Amino acid sequence: MSFFIRGKPNAKTSGKVKEKFKKNAPKPDQIFSGKRKKFEDEEIQSDEEILSNDEDFPTRESSDEDVETPQEKRLRLAKKYLEEIEKEEEKRAEETNSAVNVDKRLANEYLDSVGKLRRLVASSYLGVDDLQMLKHKAQKAPITCICLARDGKTMFSGSKSPVIVKWNVQDWRPVGVINLLDGGEKKTKVHGVCLTMTSDGKFLAVGDGSAVVRIYSPDTLASLGVLRGHRKPVTALVSRKDTHEIYSGSEDRTIVVWSLDEMAKIEVMFGHQATVTDLDALTRDRAISSGGNDCSVRIWKVSEESQLVYNGHSGNIDSVRLINEENFLSCGDDGTLCVWSTMKKKPLCIKNLVHGKSQTNGEPNWISAIATLTNTDLVASGSCDGFIRVWKLESNFRKCVQVMEIPVPGFVNALAFTPDGNHLIAGLGQEHRLGRWWRMSEGRNCIAIIPFRRKN
């Protein structure tokens, strides 16, 4: 701080200040005294030296090499992933006598992750070998639903019996059973209505004909919890790929989004005017549903809180399946198979009387099940006419051509391709999965394993 005094300074006052300053000022020989030099020569111990002398606190030498940057971590994980891919491809090449092609697999995985993978495989299917029928003693009633693991090694089947059976796909033998009557609750009309499993195989969700969703461990088959949020029975389940989120549809006309990590409800979506009959989902934060009597298919944009409505069937829509992120397939009791684009409100292709007409009343045979081999041009449909029909999608999904028909007895209540496309799994029964309107005595309550013959 500076002070400015107006006028001339007082000579007497200024003189006294100068004399006082000179009297208290240090002498020249005291400025660099011995005490000052001694102070400068003293060493002060640093914190590191103090810790190094203490045996209770051992030193740890740190360097920049010990710290892994985010870029280095990504590089290390990428190298590890590439090594695993190379080992898997080498093993596959040895089994199939084919070339190792890591680049093609990586490219396909990237396109699959962004929803742009397209594979034309239908032309490689030549026919089928002998069918294998699976039946478990605890599932005496018609098979109603099938769920395959993403790796294709495990399968779960549900029926009108109160039992879920776990199967080993490699040798097609049962390896476990879930009894839906366990849990200490009084239940009536309990059976496997719908199933879904998360991509990593950590959670199995089961709809048992009640208003709750039961969660089990696919490995131990132990119960993990119960999800409560619907007011009427759950009719459809699907899991979102690479997440622990599932979607459930119900007779209360709502679709609920669940988080299995928290075992909690995330969101409830309204729009359908009738029972939700089927659900499907892939990687995107979206779900597609069929509304039965309201004759509509809806795509739910969950994060955007909006929906797209598609109308094209003249009757009840029984099932819907995504072909890829941009196209889907639907069917119903009008005997029509429709191929759609998410960008258009009307079907790209309509195939009428796919399974013919009923011999008793002349009505179109109800298409009770469909399946799609994801990101390919291959689809399948089943009904009660005694055949499963396999179709090839051509002309950018604007044409549907039959590839083969496979004779099977009874109602086809569920269909699913194995991830490699080498087998088609069908859930068969003497009755339709949704009711007991009529019965086919020649049918069998079992699972049909259909192996394909393909070009190399």
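Over which residues does pLDDT stay under 50, and how many contacts beyond four places in sequence does the model have for them? I began here since this is a predicted model, and I found that the stretch is residues 1-14, for which the model has 0 contacts beyond four places in sequence. I then looked up residues 46-55, where the pLDDT is also below 50, and noted 5 contacts in the model beyond near neighbours in sequence.

I traced an open sheet of 4 strands in the order E3-E4-E5-E6, and its pairing is antiparallel. Strand E3 (143-148) and strand E6 (173-179) stand at the edges with a single partner strand each, so one side of each is left without a neighbour in the sheet. From one strand to the next I get an average twist of 25 degrees. Looking at the pairing of E3 with strand E4 (residues 154-159), I found 5 bridges between these antiparallel strands, and I noted that Ile146 stands opposite Ser157 in E4.

Entry on the sheet that begins with E7.

I found here an open sheet of 4 strands, ordered E7-E8-E9-E10, again with antiparallel pairing. The edges are held by strand E7 (194-197) and E10, and each has a single partner strand, so one side of each lacks a neighbour in the sheet. The twist that I noted for this sheet averages 20 degrees from one strand to the next.

In the hairpin of E9 and E10 I counted 6 residues between the strands, and I marked Leu221, which takes a positive phi near 65 degrees.

Rolling a probe the size of a water molecule over the atoms shows where empty space is left. I listed 2 cavities of 30 Å³ or more in the structure, and for the largest cavity I have a volume of about 90 Å³. Which residues line the largest cavity? I wrote down Leu282, Thr283, Arg284, Arg286, Ala287, Ile288, Ile299, Leu322, Glu325 and Thr342. Strand E16 (residues 286-290) gives the largest share of this lining, with 3 residues, and by class the lining of the largest cavity divides into 5 nonpolar, 2 polar and 3 charged residues.

I looked up the second largest pocket, whose volume is about 650 Å³. Its lining has 26 residues, and the closest to the centre of the pocket are Thr235, Glu251, Arg433, Leu434 and Gly435. Strand E11 (234-239) and strand E19 (317-322) each supply at least two residues of the lining of this second largest pocket. How does the lining of the second largest pocket divide by class? I recorded 8 nonpolar, 12 polar and 6 charged residues.

How values were computed. Residues numbered from 1 in each chain as written. Predicted model: local features only at pLDDT ≥ 70, side-chain atom pairs only at ≥ 80, totals over all residues. Heavy atoms only, no water. 1 Å grid on protein atoms, 1.4 Å probe; cavity = no way out; pocket = protein on both sides within 12 Å on 5 of 7 lines; lining within 4 Å. Points joined across faces, edges and corners; volume = space filled by probe spheres on them. Nonpolar A, V, L, I, M, F, W, Y, C, P; charged D, E, K, R; others polar. Pairing = 2+ DSSP bridges. pLDDT = per-residue confidence, 0-100. Contact = heavy atoms within 4.5 Å. Axes fitted to C-alpha atoms, helices over the stretch in contact; angles between N-to-C directions.
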